[in-house]
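Here is a short tour for a reader who has not seen this structure before. Look at the model first, then follow the text from one contact to the next.

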Amino acid sequence: MQDNTFDNKKSKSKIIAEQNPKLCFTALKLIEQLYRDGHISAYMFRNIVNDYSNIVDASKFLID
């Protein structure tokens, strides 16, 4: 039986983000705009930024 545990594998998006940190930063800025416009919650945005904090500087994103 194959182990499908997410924690044991890197997702394809994480691998792409590590190869293109500028692209990752840009995508997070677009997601930040969704947060600012009220389309996603602060909790959700904070979790997304934290997921990619090893690739981009999380201090560049303002979460109220």
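Leu28, Ile31, Glu32 and Tyr35 of helix H2 touch Ala42, Phe45 and Ile48 of helix H3. This is a predicted model. The contact of H2 with H3 counts six nonpolar residues and one charged residue, with no polar ones.

How are the two helices placed? Two packed helices are described by the angle between their axes and the distance between the axes. H2 covers residues 21-36 and H3 covers residues 42-51. Their axes stand 10 Å apart, and the packing angle is about 170°. An angle over 145 degrees counts as roughly antiparallel. H2 and H3 are therefore roughly antiparallel to each other.

**The whole chain**

The protein chain has three helices and zero strands. Along the sequence, the pattern reads α-α-α. Some overall values follow.

| Property of the protein chain | Value |
|---|---|
| Buried share of the 64 residues | 20% |
| Share of contacts with a separation of 6 or more that join residues 24 or more positions apart | 56% |
| Accessible surface | about 5000 Å² |
| Share of that surface belonging to carbon and sulfur atoms | 56% |

**The core**

In soluble globular proteins, nonpolar side chains tend to be buried together. Here, the largest nonpolar core holds eleven residues. They are Ala17, Cys24, Leu28, Tyr35, Ile40, Phe45, Val49, Tyr52, Ile55, Val56 and Phe61. H2 and H3 each supply at least two residues of this core. The largest share, three residues, comes from H2.

Which helix holds Phe45? Phe45 sits in helix H3. Is Phe45 buried or exposed? Its relative accessible area is 0%, so Phe45 is buried. Setting aside neighbours within four places in sequence, Phe45 is in contact with Leu28, Ile31, Glu32, Tyr35, Ile40, Phe61, Leu62 and Ile63. Among these partners, Leu28, Ile31, Glu32 and Tyr35 belong to the H2 side of the helix contact. Phe45 and Leu28 lie 17 residues apart along the chain, and their C-alpha atoms are separated by 8.9 Å.

Phe61 is another member of the core. What does Phe61 touch, leaving aside neighbours within four places in sequence? Its contacts are Phe25, Leu28, Lys29, Glu32, Phe45, Val49 and Val56. Leu28 and Glu32 are among the contacts of Phe61, and Leu28 and Glu32 are also among those of Phe45.

Key
Residues numbered from 1 in each chain as written. Predicted model: local features only at pLDDT ≥ 70, side-chain atom pairs only at ≥ 80, totals over all residues. Heavy atoms only, no water. Axes fitted to C-alpha atoms, helices over the stretch in contact; angles between N-to-C directions. Helix = DSSP H or I, 4+ residues; strand = E, 2+ residues; numbered from the N terminus. Parallel < 35°, antiparallel > 145°, perpendicular 65-115°, else oblique. Contact = heavy atoms within 4.5 Å. Nonpolar A, V, L, I, M, F, W, Y, C, P; charged D, E, K, R; others polar. Buried < 20%, exposed > 50% of the residue type's maximum accessible area, 1.4 Å probe, protein only. Areas by Shrake-Rupley, 256 points an atom, 1.4 Å probe, with all protein chains shown as cover. Core = buried A, V, L, I, M, F, W, Y, C linked by side-chain atoms within 4.5 Å.
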